[in-house]
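Please review the briefing below alongside the sequence and the coordinates. It treats overall architecture and aromatic contacts in turn.

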Amino acid sequence: MAEELLTIDHLTKQYGENVILNDVSLTVHKGEVVVVVGSSGCGKSTLLRCINALESIQGGEICLQGEKIEQEGKNITALRQKIGMVFQCYELFPHLTVLNNILLAPVKVQKRREEEVKAEAFELLKRVGLEDKADSYPRQLSGGQKQRIAIVRALCMHPDILLFDEVTAALDPEMVREVLDVILELAEQGRTMIIVTHEMQFAKAVADRIIFIDDGKIIENSKPEQFFSHPETERAKQFLNMFEYKRK
Amino acid sequence: MEQYLPLYQKAAVLTIRLGILGIVFSILIGLICSFVLYYQIPIIKRIVAIYIEISRNTPLLVQLFFIYYGLPKIGIPTNAEICGIAGLSFLGGSYMTEAFRSGLEAVDKVQLESAESLGMNRFQTMRYVILPQAVSISIPAFMANVIFLLKETSVFSAISLMDLMFTAKDLIGLYYKTTESLFLLVVFYLIILLPISIIGSLLERRVRYAGFGD
Ligand SMILES: Nc1ncnc2c1ncn2[C@@H]1O[C@H](COP(=O)(O)OP(=O)(O)O)[C@@H](O)[C@H]1O
Ligand SMILES: [Mg+2]
C-alpha cells in the first residue's frame, strides 16, 4: 500500500456543547481519492475545514505526512500550502484578475518566480479550457468557470492533497459536468483528494473509497462498488434511496 | 471687491493647509483604530470605543476650546494652528475609523478563509486580500468625510485662526461689506470643495465598475 499521507485520529469537533464530529478516524493514502457522502448537516464541510485548520478541534489529532495540523501551530501556513481547498461558494478574489488570483499565493507566499508560475498557470488554464479568461475579473465569469479557476488556483500551489467541498452544489446543471470532468482528470493523474459531493454517479466513477458520515460519525468506509450496491447500514440504505426515482 | 481677493486667497491657503494636515492625521488615526476594532485587540478596543463616542458626540468647537484653552492650563504650550490641526484630527479620526472599519467588515468572511487556505499569514491576508477590497468599499464614506472635515474648518476662526470664515467676518465687521464678503466666502469654499466632490464621484464610479461586486 502507498504511503499514508493524511491521518485523522479520534477527531472530535464541538460547537459549544454541540458535538459535530464524534471520534472520527480516517487515513488517506498517497494517490487515493476518498469521497465523503452523507445527508446535509452531518458534518462533511466541518471535517474538511478541520483538515485545513479553519476550525479549532476539541479532541484527537490530524497529521499531514506526520506533521500535526494545529490552528495556532507555528507551521500552519506551511501546512496549508500543501492542502489545496476549493469551497462550495465561489471564493475567488473579486478585485484581482483570473491570472492574478492564481499568481498571488505562489508568488507572494511561496516566493516563486512570477515567470515560472505564469507559464504554469497558462498551462493549467489551457487544460481547463479557460486560457482566454486570464485577464477577466471573476464577476465576468459563470459559476462553472469560477470553480475551474478556483481549482487551477489550488493546483498552482503544488498541494499534496486536494479538498473539494460540494464544488458543484451551487451550479446550474449544465455547468456541473465541466467542473466534474476537471476533477476526474485530476484523479486520472493520481492526485490525492478528499471530495464531498452529492453527485452519486460522479462519486461512483471517481472514488477509490467512499466514506459515509451520519450525525458526525463515520459509519461506512468501503469500496464504491460495495457501498453503492450493498450498503451495510440502514442509514446508508435510506440515504442512497433518496437518489432513486421509482413510480409507486 | 478685488481688493479683498488677496486676503481670501491667503485665508484659503490656510484653510487648505490645516484641512489637509488634519485629514492626513485623521486617516492615520482612523487606520490604527479601525485595525484595533477589526482584530478586536483587548483593552485597547475599549479605549478606542470611548474615544469614538467622545469625538462623535461633541461639537468640534467644544473640542477646539478644550485644546486651545485647556492645554496651556495644564502646562502644555500650544498655538492656534497646532490646535486647529489637533482638533480636526481628533474629530476626523473617529469618522475615518468608522469608514475604514465598515469597509473591513464588509469583506466577506469566505475571502479571509480562502486566503488562509492558500497558506497566507495574517499580514499577507490583510495586505493582498482584505485591504484592497475594504479600501474600495470605504471610498464613498471616506470622500464624504474629507468634505465634512474641510467644511468643519470654518469653526477655526473661533480660536482666531485667519481662515476663510475669519476673513469674511473680519471684513464684515470692519467695512460692513456684508454681501461681497459672504459672496466671496461661498465662492472660495466652492472652489475648494467642488473639485474634491467631483474627484470623489469619479473614484466611486471607477471602483464600482472595476471588477467588483458580483
Ligand atoms: N459556526 C457554526 N456554529 C455552530 N454550529 C455550526 C457551525 N457551522 C456548522 N455548524 C453545525 O454543524 C453541523 C455540520 O455542519 P456541516 O459540516 O456544514 O454539514 P454538511 O457540510 O455535512 O452539510 C450542522 O448541524 C451545522 O448546523
Ligand atoms: Mg457542507
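The following notes concern a predicted model. Chain B comprises eight helices and zero strands.

**Architecture of chain B**
- The order of elements from the N terminus is α-α-α-α-α-α-α-α.
- Along the principal axes, the C-alpha atoms occupy a box of roughly 70 × 45 × 20 Å.
- Chain B has 214 residues, of which 43% are buried.
- Where contacting residues of chain B are at least 6 apart in sequence, 78% of the contacts join residues at least 24 apart.

**Surface and charge of chain B**

**Aromatic pairs**
- A:Phe227 and A:Phe228 are an edge-to-face pair because their planes stand at 80°, with ring centres 5.2 Å apart; both residues are buried.
- B:Tyr4 and B:Tyr175 are stacked, with 6.1 Å between centres and 20° between planes.
- This tyrosine pair connects the segment before helix H1 (5-38) of chain B to helix H7 (residues 164-175), across 171 residues.
- B:Tyr4 is buried at a relative accessible area of 7%, whereas B:Tyr175 is partly exposed at 48%.

**Aromatic cluster and charges over rings in chain A**
- One aromatic cluster consists of A:Phe212, A:Phe227, A:Phe228, A:Phe239 and A:Phe243.
- A:Lys204 lies over the face of A:Phe228, 5.2 Å from the ring centre.
- The charged end of A:Lys13 is placed over the ring of A:Tyr15, at 4.5 Å from its centre.

Key. Residues are numbered from 1 along each chain as its sequence is written. Chains are lettered from A and ligands numbered from 1 in the order in which they are written. This is a predicted model: local features need pLDDT of at least 70, side-chain atom pairs count only at pLDDT 80 or more; totals for chains, interfaces and linings use all residues. Side-chain values use heavy atoms; hydrogens and water are left out. Helices (H or I, at least four residues) and strands (E, at least two) are DSSP runs, numbered from the N terminus. Buried means under 20% relative accessible area, exposed over 50%, partly exposed in between (1.4 Å probe, protein chains only). Contact means heavy atoms within 4.5 Å. Rings of Phe, Tyr and Trp (its six-membered ring) pair if their centres lie within 6.5 Å; planes under 30 degrees apart count as stacked, over 60 as edge-to-face and the rest as tilted. A charge sits over a ring if NZ of Lys or CZ of Arg is within 6 Å of the ring centre and within 35 degrees of the ring normal.
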